[in-house]
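Subject: Structure for you to look at, with notes

Dear colleague,

I am passing on the structure we spoke about, together with my notes on it. Please look through the sequence and the model before reading on.

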Amino acid sequence: MRKKIFFSIGIFMLCLVAYAFYLYNKPHTSVAAMAPAITISAADLYAAYAQNEAAANQRFLDKVLLVKGTVSDVAHTDSTFTILLESNDIAGGVSCNVTAKNTTPASIKNGEPVSIKGRCTGFLADVMLADCAVEK
Amino acid sequence: MKKILLFLLLLMVYCCSYSQVYLTRTAYVGFFSKTPAEDIKAVNNQVYAAVDAGKKNLAFSLLLKGFTFTKELMQEHFNENYVESDKYPKASFSGTYTGDVDLTKNGVYNVTVQGNLTLHNITKAITTPATLEVKDTHLIGTATFKAKPEDFNITIPSLVRGKIAQEITVNINADCTLKQ
């Protein structure tokens, strides 16, 4: 009987360790595989942040957003690229850092409409989305 | 006539020296921690950088939530326990540089950057060698320096202290374009 209990505790501990190890090494979940929580236009998103950053953070921060807007600029960084979406304000827009490999910067043209999915990381002159994927 | 021309020319030079502002919204900041137990790397490609080549000023600003880690749990710990990004969402640097940079001549120039880094509500003076590369209308700044988490009042539990380097290496690469 004692042996049995000992054995089952052993198994349980082993499972726990394995699960902890799995959690510890879990790779960063790409936004590309997640469903967006909120769909919004770039102009509305920027306006929400420009008006009240704290309230907008409550609504959008850390959430996966699907943002629809017009491309105003594409900038290359080392292994990724960043698409800037226009807002109605000249001061800023929505900055989307694209990490998904399904699009090339060459296929994104200024002035064209686009839908981008990404995780909202906050506001810094522009509304920032990280880990973005361009939706076709 | 010649005098007027000279005056105009001087005025132009004067004006230019005050409008040599280079900007980018997509500078890169990455940090790296290497210990025998674990390598940790995080990158942020949405950093704001401005270099005023006339006044030799420069400034950086970034959102801490913009750092992407390879492991999800690390990103969570970084944001929730270490830098507390909900409370202190931004990190910034502002400072000056010394060293001659000829903006009319393409090339790589070595400079020394001195300024204040604000992170986790703590401001600390930082001095680091850096390079500024003039490439037509671009000014590309790169720097690498080390920072200690404890200097910014970031407490790391002793259980995981061994997995995080005493000094974190920070890499910066900012490709700024001349603002017209």
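This is a predicted model: local features need pLDDT of at least 70, side-chain atom pairs count only at pLDDT 80 or more; totals for chains, interfaces and linings use all residues.

Chain B as a whole

The secondary structure of chain B consists of three helices and nine strands, and these follow one another along the sequence in the pattern α-β-β-β-β-α-β-β-β-β-α-β. Of the 180 residues in chain B, 42% are buried. If one takes the contacts in chain B between residues at least 6 apart in sequence, 58% of them join residues that are at least 24 apart. An unreviewed UniProt entry places the feature "domain: Lipid/polyisoprenoid-binding YceI-like" at residues 44-174 of chain B. In the model, that span is 11% helix and 54% strand, and its end C-alpha atoms lie 12 Å apart.

The largest pocket

The largest pocket has a volume of about 810 Å³. Its lining is made by 38 residues, and those closest to its centre are B:Phe31, B:Phe69, B:Phe78, B:Val83 and B:Ile168. Two or more lining residues come from each of strand 1 (21-34), strand 3, helix 2, strand 5, strand 6, strand 8 and strand 9 of chain B, and helix 2 of chain B gives the most, with six residues. By class, the lining of the largest pocket has 30 nonpolar, five polar and three charged residues.

The largest cavity

The count of cavities of 30 Å³ or more comes to one, and the largest cavity holds about 200 Å³ of space. It is lined by 20 residues, with B:Leu58, B:Phe60, B:Val113, B:Ala130 and B:Ala143 nearest its centre. At least two lining residues are supplied by each of strand 3 (57-63), strand 6 (107-119), strand 7 (122-135), strand 8 (138-147) and strand 9 (168-178) of chain B, and strand 8 of chain B gives the most, with six residues. The lining of the largest cavity divides into 16 nonpolar and four polar residues, with no charged residue among them.

Two buried loop residues

B:Ser85 sits in the loop between helix 2 (72-82) and strand 5 (90-98) of chain B. Because its relative accessibility is 2%, B:Ser85 counts as buried. The side chain of B:Ser85 makes a polar contact, at 2.8 Å, with the side chain of B:Asn79, and when neighbours within four places in sequence are left aside, B:Ser85 is in contact with B:Leu64, B:Lys65 and B:Asn79.

B:Thr35 lies in the loop between strand 1 and strand 2 (39-52) of chain B, and with a relative accessible area of 12% B:Thr35 is likewise buried. The side chain of B:Thr35 reaches the backbone oxygen of B:Lys163 at 3.2 Å. Beyond its neighbours within four places in sequence, B:Thr35 is in contact with B:Gly162, B:Lys163, B:Ile164 and B:Ala165.

Residues with a positive phi

A:Asp62 is not a glycine, yet it has a positive phi of about 70°. This residue of chain A is in the loop between helix 3 (53-60) and strand 2 (64-76), and A:Asp62 counts as partly exposed because its relative accessibility is 39%. In chain B, B:Asn121 has a positive phi of about 65°, although it too is not a glycine. B:Asn121 is found in the loop between strand 6 and strand 7 of chain B, and its relative accessibility of 57% means that B:Asn121 counts as exposed.

How many Å separate B:Leu178 and B:Thr155, C-alpha to C-alpha? The two residues are 40 Å apart in space, while in sequence B:Leu178 and B:Thr155 are 23 residues apart. B:Leu178 itself belongs to strand 9 of chain B, and at 26% relative accessibility B:Leu178 counts as partly exposed.

With best wishes

How values were computed: Residues are numbered from 1 along each chain as its sequence is written. Chains are lettered from A and ligands numbered from 1 in the order in which they are written. Side-chain values use heavy atoms; hydrogens and water are left out. Helices (H or I, at least four residues) and strands (E, at least two) are DSSP runs, numbered from the N terminus. Buried means under 20% relative accessible area, exposed over 50%, partly exposed in between (1.4 Å probe, protein chains only). A polar contact is a pair of N or O atoms within 3.5 Å; within protein, one must be able to donate a hydrogen and the other to accept it, and residues adjacent in sequence count only if both atoms are side-chain atoms. Contact means heavy atoms within 4.5 Å. UniProt positions are given in the numbering used here, feature names are shortened, and annotations may be inferred rather than shown by experiment. On a 1 Å grid over the protein atoms alone, a cavity is a set of points where a 1.4 Å probe fits but cannot get out, and a pocket is an open set with protein on both sides within 12 Å along at least five of seven lines; lining residues have an atom within 4 Å of a point. Grid points are joined across faces, edges and corners, and a volume is the space filled by probe spheres set on the points. Ala, Val, Leu, Ile, Met, Phe, Trp, Tyr, Cys and Pro count as nonpolar, Asp, Glu, Lys and Arg as charged, and the others, Gly among them, as polar.
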